[in-house]
Amino acid sequence: MRTELLTCRGVGKRFGGVVALEHFDLSLGAGELVGIIGPNGAGKSTLLNLIAAVQRPSVGEIELDGVRIDRLPRAQVARLGVGLAHQIPHPFGDMTVAQNLLVASYACRHRVPAPERHVSTVLELCGLADKRNLPARSLQLLDLKRLEVARALAINPRVLLLDEVAAGLTAGEIDEVIEMLQAVHQQGTAMLVVEHVQTVLESLAQRVVVLNWGRKIAEGRPAEIARNPVVVDVYMGSRSARGPRPSVPSPAREEPSPVLRVDEVSVRYGPLRALDRVSCQVGAGEIVAVLGPNGAGKTTLSRAIAGIVPLAGGRIHLGSLDVTGVPAHQRARLGVAIVHEGGRLFREMTVRENLELGGRYRSRGDAMRVALDQVYGLFPRLKDWESRTAATLSGGYQQMLAISRALMAQPKVLILDELSLGLAPQVIEDIYRALERVRELGVGMLLIEQNVHRTLDACDRAYVLERGQVTFVGTPQMALQHPGLRAAYLGSRAAGS
Amino acid sequence: MRVPFVENGYGKPGPGRVLRPRTLSAMLAVLALAAALLAAPGYLPPYGLVVGFALLTSIAMAEAWNLVGGFGGQFSMAHSLFVGVGSYTTATLLVRTDWPLPPVVALSGLLPATMAAATGLVIMRLRSVYFSVASLGVALAVQAWMINWQYTGATSGLSFPGSDAPDESTLYAMAVGLTVFSTVAIVAVVRSRFGLMLMAIRDDEDAAAGVGVRSLRIKVLSFSLSALIVGLVGSLIALQQISIEPYSAFSFDWTINMIVISVLGGLSTWQGPIVGAIFVVTIDQLLEQYQAFSTLIIALCLILVIRLLPRGMWPGLRSLANVIWRRFHRMAVPAEGSHGSTDA
Amino acid sequence: MPAATLGVVIDGVLVGGLYALVSIGLTLVFGVMRLVNLAHGELIVGGAYLAIVSVGLLHWNPFLALLVVAPLLAAIAYPLQRWLLNPLLPAGLEAPLVATFGLSLIAQTLFLLLFSGNPRSLQVSYAVTGITVFGHPVRTVFLIGGLGGGALIVATYLLVSATPFGRSLRAAAEDPEAAATVGINVPHVYALTLALSAALASVAGVMIAIAFSVTPTTGLSWLLRGFTVIVLGGMRSIWGTLAGGILIGLLEESVAAAIGPTYQDLIVFSALVVVLLLRPQGLFGGGHR
């Protein structure tokens, strides 16, 4: 016999015209661990936000132990015992780890009669005991995630909601997170775990709910779900349908006159060494991959090349020009283009305006027209949507627009940071196909990705970054064999995807 | 990894810090207190008492503002309102009733505190700059009202007989008492659980709500306590001036004073307002003949501090003291690890 | 419509146009840089004083003097933004706020030293003359102020929405880092924004010097009025500023007609508080904050 701790009935949420979630029912019993999976945009985060009262449902009811909580303010719902660990950690940066938790325990005094002791217990449980006096802002990603979970636990919740705790972590780090979650579950807390990464739920969940486009499409035990053809369809593999590129016998040798050369570059964030004497280069028409686990410094490298972060050492050359001290906007005008992680379009402007901004400094007059034609040739749908606001495009097309905006500047070097994050496999295919055509234009591309297989299928040469240092340079085939790569990514179990 | 020193109220001393912050602060506090008491009547000419009074009231007001603006992160521009209400409550009660001084003064603190609570419940739902602007609006609205309110004398204001007010020495002693009280109260609040939650709201109000912190309640309580202290200062000011009128009692200059002193001295430190007040009053005294220049210089210092020493003078002085101490000992003595306590 | 009401409406709209002009600089600066310029009132008053001095020296028509005053004020604003305020922007909300606060104090003190505390104004013939609009007497200066203000708002809107510079402005406002990586010199754009804001403020200053008068400390009440307007209209919306200005103008004139001018300020400030509570994003603002 199960006592229903948390129930959702007919819950739905609209944002303007977009339906994020609809007709959603769920019940969670005391001590249960239920997983929620689904592709990006399925409504998983929305669901957690609704339960935790970060947002209000447009329709439906949510009850905790028979008490309606869907119309209450966030803080009150927290005090009633609903803890939420966000996907992107937001600690109180200036406070220590322990103080972060103390705030929570003090605020929920009625649930936590002995705050200091509870905090110590939680710190132990989450593996942060030895870091209790460090300022939160000095933590690395894995520890930030631990802190996020710990702080939610500090309120002594009845229900713990976890939003993609494993996102951005390597499989090795994911192992540690799974251990932590198992320990938490053993304490008897009911948990609702939203995840993208299969391995987490395989080991933890008793029941899994699958969301797609805001609706529940399946529910059952993890093994059943994994076999369910509908679900499998939704999650396709991440390998290229065509397999690896036919290997052109291009050696892993670096070209003598590359369009981009990075020499012994170091970047510091305060005491933290994000990049340590990293060197790499990209030739015209080359696709170079930069791989590595999260926190390795890949995005820092792209920002350093773009000129957004200052260097603590080393030089960067664009062709024969030394651009080391040159500010970002001037590098852009010299031919460095970047597609940021997440696209970072000007969302309130139209497609056309975004493109024109991209081309403003390098493609004037007729050249603008030529650049636009080129870009529409690569992604024809964009032309249909010229006057639409960028924010109204779907994720895949936003990414295409971001790439197009970068191409409008007729760049010499194009940096693509985490291109495929959150995109459906088919969309990723389309984009990679477009990149082949960009290569033909002679643009050198630096492809920064966590998705190892697809990237290696596409590139000519690969670097592996770990903890701010280059640990490997070579052909894609060599990269796949590189033991260090496997260890960093795959951890103690074979990665699911 | 060397832990960077953070100045935000939590003040975690990291490895490498030699001079324990509490020791230095405590030393300075004791010195300051001794100076204040020693400078008491009998040692200083009457004019010295006036300057001392101005210094003490500045400190008390700035400490109070700093609770809300520094530790609380709510940039209030309403505080001149509380000064005025405190002054007017005292003056009105002395003029229209026979009440003895203690309840008069007490009410002069309680009334602003109540007003702060009522106002706060309304405007502290607003965030950052919206709150600041609303607070400014409220303060100026009330000033506009008081300028026209016949009951309190409109533009002519109120005056009461000098015999009703305590003499200079007593006034000075009251100022000392109030300053000590406000400083101790602020320190106690900041180091308490309430204080930790207050600072959490300052750092990230949404995250604080996410762990159950009662944001509005805490903000309003801090606003109220702050207003209490400022109201009491207003009362003392009225007792010193004997005659008040709305333009000066509710003048935005009070707010300017509090903000400038707190920012110069160091937001989110209790020592900051003391350092800032000493600095400002000194400059004022030195340039007594040239009032406008004194304001100019202070404003320039404000900009310099924001630009070059953003944490304020006190943290700057403390870092300097550390550097000197370390150099004096030639070799850093590794400090013992710190406990999870706050050092504000 | 009875004559009295029509009079209130006309007066309200015209003075509202002036208020919108007073406020547009605040909107631009807040919209692009999320900076609340507490020295905005001093920009207006500074423009007024500069105009008074120029007219005294050159004996030109004040609006002609603007050709000198506006660029001058813009030239002062540019380096202030570029080298004082820009570096403070990443530090959060407080530091730039306090810096503009400090600038405001410095300006007020300078004004006091240079011009003394007596009210000053620009004496022109049309300061007191009037014409009749729909049978209602209107001071010429208000007509110029209201219509001119409205025209400048429209011009600003066109600048921001239809020119390449305006696009750079909007891009820098939305995502400064991404803007830099497409070649926009963001610090320069920010500085130009404050310069533009100063130029617009100087026009408002001239109107105010003609229609009313200025003292070193009148900046504060203009700042507050400006805030009320943009809060009502939506802090990042140009049309909202125009609408807000007109609404405040109408409110003031109605109150003045109904119960006299004494409580005007009180009503306006109360309106500010009420709007902030009920609809903080203003009438035309999108998501606030």
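In which sense do strand β13 and strand β19 of chain A pair? In this predicted model, which considers local features at pLDDT of at least 70, side-chain atom pairs at pLDDT 80 or more, and all residues for totals of chains, interfaces and linings, β13 (residues 287-291) and β19 (residues 461-466) of chain A pair in the parallel sense over four bridges. Residues are numbered from 1 along each chain as its sequence is written, with chains lettered from A and ligands numbered from 1 in the order in which they are written. Strands (E, at least two residues) and helices (H or I, at least four) are DSSP runs numbered from the N terminus, and two strands pair if DSSP finds at least two bridges between them. Within β19(A), Ala462(A) is the bridge partner of Ala289(A).

Both strands belong to an open sheet of six strands with mixed pairing, in the order β16-β17-β18-β13-β19-β20 (chain A). Since β16 (336-339) and β20 (469-474) of chain A stand at the edges with a single partner strand each, one side of each is left without a neighbour in the sheet.

Turning to the interface, 15 residues from chain C and 20 residues from chain A make up the contact, where two residues count as touching if their C-beta atoms, placed from the backbone, lie within 7 Å. On the side of chain C that touches chain A, α6(C) gives the largest share, five residues.

As for confidence, pLDDT is the predictor's confidence in each residue, from 0 to 100. Chain C has a mean pLDDT of 86, with 95% of its residues at 70 or more. The model scores ipTM 0.82 and pTM 0.82.
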